[in-house]
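Try each one yourself before reading its solution.

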Amino acid sequence: MKASLGGMRFARLLATAAAGAMLVAGAVPAMAQENVDSRLKKVEAEVRALQRKVFPGPDGKFFEPEISATPTPSSVPGQPATTPVTDLLTRMDAVEAQMAKLTAQIELNTNRIDQLEAKLGGGLPPAAAAPTASTTPAGESAQPAAQSNLNAMSGGASAGPAPTAPAAKPVETKPAPPSSSRLAAVQAIVKPQTDDPGDDEYVYGYRLWDAKFYPEAEQQLKLFLEKYPKHRRASWGRNLLGRAYLDDGNPGEAAKWFLQNYQTDKRGERAPDSLLYLAVAMKQMKDTKRACIALAEFSETYATEAAGRLESLYNSTRNGLNCS
């Protein structure tokens with residue numbers, strides 16, 4: 001951008017020099033006026049180019065040049081309305097006025113650029129220069145913002161408001177590479193190939209989880225949810241991803257996916273499971289208060305499941321909890 005500004009300054013110097021030449025040429029005999037006029041047109045063209053560079057329109061188009069090629073000078077009593085010399089002088093006045101405006105704009109832009117470069121050169125505070133340790137890891141931007149509390153989930157349950165959610169277990173930056181035997185066992189699990197590729201991705205994740213290859217299942221289910229977020233199996237995928245983390249000994253990460261699945265679609269096919277397993281995760285983390293909130297919400301929102309399909313898990317989760 002500095003090179004562009006330098007080019008504008010150079011063009012301004014050329015235009016100013018040409019303007020001085022035009023003023024001198026205005027006093028020469030009429031035979032030189034044709035040459036003066038052509039040179040002045042060149043100067044005006046250069047100024048129009050600067051106008052288009054410095055003053056673009058808000059819609060991406062350029063403003064019309066502000067210099068008129070045929071200005072109308074004020075007439076002097078007793079003299080012709082215009083003469084070739086007065087035309088040149090009037091046009092030169094317009095050129096000089098516009099050059100002054102362009103020069104001011106260029107200087108303003110130069111000052112702004114210098115200030116920006118000063119900030120980028122080391123003036124930023126440390127907090128803006130690098131993320132903090134609590135920054136959400138890459139690939140987890142889809143996690144629910146409400147994971148820090150369960151107030152949005154309680155929905156009027158008698159257990160009252162919930163405290164702030166605990167931080168998830170830190171993710172290892174350099175996990176140990178899998179053994180050759182594990183790789184062979186994972187490769188032995190067949191990925192289905194049907195006319196529904198989204199369902200194939202989910203089923204493959206389920207097979208990995210069912211074989212207790214939890215890290216591989218987590219990776220596969222995240223891939224499924226990333227590629228097919230609106231698939232009919234999305235509720236199943238988020239819930240199973242939480243189950244994989246829970247079975248992998250990471251209840252904090254599991255809780256985030258259970259809560260996200262419940263809040264994303266409370267009528268989803270696995271939303272009741274996620275809410276109940278959220279209570280399981282809280283119980284494992286010894287967070288009795290939030291476990292009770294999740295159980296109260298589950299029994300109120302999904303009474304049919306609490307007395308039917310999920311009754312056994314509901315009762316076992318309640319055991320050992322002193323929910324008021």
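**Exercise 1. Which charged ends sit over the ring of Trp 236?**

Solution. Keep in mind that you're looking at a predicted model.
Step 1: start with Arg 233, whose charged end sits over the ring of Trp 236, 5.0 Å from the ring's centre.
Step 2: now find Arg 270. Its charged end also sits over the Trp 236 ring, this time 3.8 Å from the centre.
Step 3: check the distance part of the rule, which asks for CZ of Arg to be within 6 Å of the ring centre. The values to hold against that cut-off are 5.0 Å for Arg 233 and 3.8 Å for Arg 270.

**Exercise 2. Work out how many helices and strands the chain has, and how much of the chain is buried.**

Solution. 
Step 1: write the order along the sequence, which gives α-α-α-α-α-α-α-α-α-α-α-α-α-α.
Step 2: turn to burial. The chain has 324 residues, and 37% of them count as buried.
Step 3: The accessible area comes to about 19100 Å², with 56% of it belonging to carbon and sulfur atoms.
Step 4: see how far contacts reach along the sequence. Taking contacts between residues at least 6 apart, 61% join residues at least 24 apart.

**Exercise 3. Describe helix 10: what is its span, and which of its residues are buried?**

Solution. 
Step 1: locate helix 10 at residues 251-264, a run of 14 residues.
Step 2: compare its span with expectation. From first C-alpha to last, helix 10 reaches 20 Å, close to the 20 Å expected at 1.5 Å a residue.
Step 3: check the cover. Helix 10 is mostly covered, with 12 of its 14 residues buried.
Step 4: zoom in on Asn 261, which belongs to helix 10. Asn 261 counts as buried because its relative accessibility is 0%, and the cut-off for buried is under 20%.
Step 5: list its neighbours. Leaving out residues up to four places away in sequence, Asn 261 touches Ala 234, Ser 235, Arg 238, Asn 239, Arg 270, Ala 271 and Ser 274.

**Exercise 4. Find the largest nonpolar core: which elements give two or more residues to it?**

Solution. 
Step 1: a bit of background. In soluble globular proteins, nonpolar side chains tend to be buried together.
Step 2: here, the largest nonpolar core has 43 residues, and the ones with the most contacts inside it are Leu 208, Leu 246, Leu 275, Leu 278 and Phe 298.
Step 3: the elements giving two or more residues to this core are helix 7, helix 8, helix 9 (234-247), helix 10, helix 11 (271-284) and helix 12 (288-301). Helix 11 gives the most, with nine residues.
Step 4: A second, separate core has six residues, including Leu 40, Val 43, Val 95 and Met 99.

**Exercise 5. Classify the ring pair of Phe 298 and Tyr 302: what is the angle between the planes?**

Solution. 
Step 1: begin with the total, which is seven aromatic pairs.
Step 2: take Phe 298 and Tyr 302. Their centres are 6.1 Å apart and their planes are at 45°, making this pair tilted.
Step 3: check burial: both Phe 298 and Tyr 302 are buried.
Step 4: widen the view. Ring pairs link Tyr 262, Phe 298, Tyr 302 and Tyr 314 into a cluster.

**Exercise 6. Look at Lys 212 and Lys 286: where do they lie, and are they buried or exposed?**

Solution. 
Step 1: recall that most residues other than glycine have a negative phi.
Step 2: Lys 212 has a positive phi of about 70°, and phi of Lys 286 is positive too, near 60°.
Step 3: Lys 212 is in the loop between helix 7 and helix 8, while Lys 286 is in the loop between helix 11 and helix 12.
Step 4: judge exposure with the cut-off of over 50%. Lys 212 is exposed because its relative accessibility is 56%, and Lys 286 is exposed because its relative accessible area is 74%.

How values were computed
Residues numbered from 1 in each chain as written. Predicted model: local features only at pLDDT ≥ 70, side-chain atom pairs only at ≥ 80, totals over all residues. Heavy atoms only, no water. Helix = DSSP H or I, 4+ residues; strand = E, 2+ residues; numbered from the N terminus. Expected span 1.5 Å × (residues − 1). Buried < 20%, exposed > 50% of the residue type's maximum accessible area, 1.4 Å probe, protein only. Phe/Tyr/Trp six-rings, centres within 6.5 Å; stacked < 30°, edge-to-face > 60°. Lys NZ or Arg CZ within 6 Å of the ring centre and 35° of its normal. Contact = heavy atoms within 4.5 Å. Core = buried A, V, L, I, M, F, W, Y, C linked by side-chain atoms within 4.5 Å. Areas by Shrake-Rupley, 256 points an atom, 1.4 Å probe, with all protein chains shown as cover.
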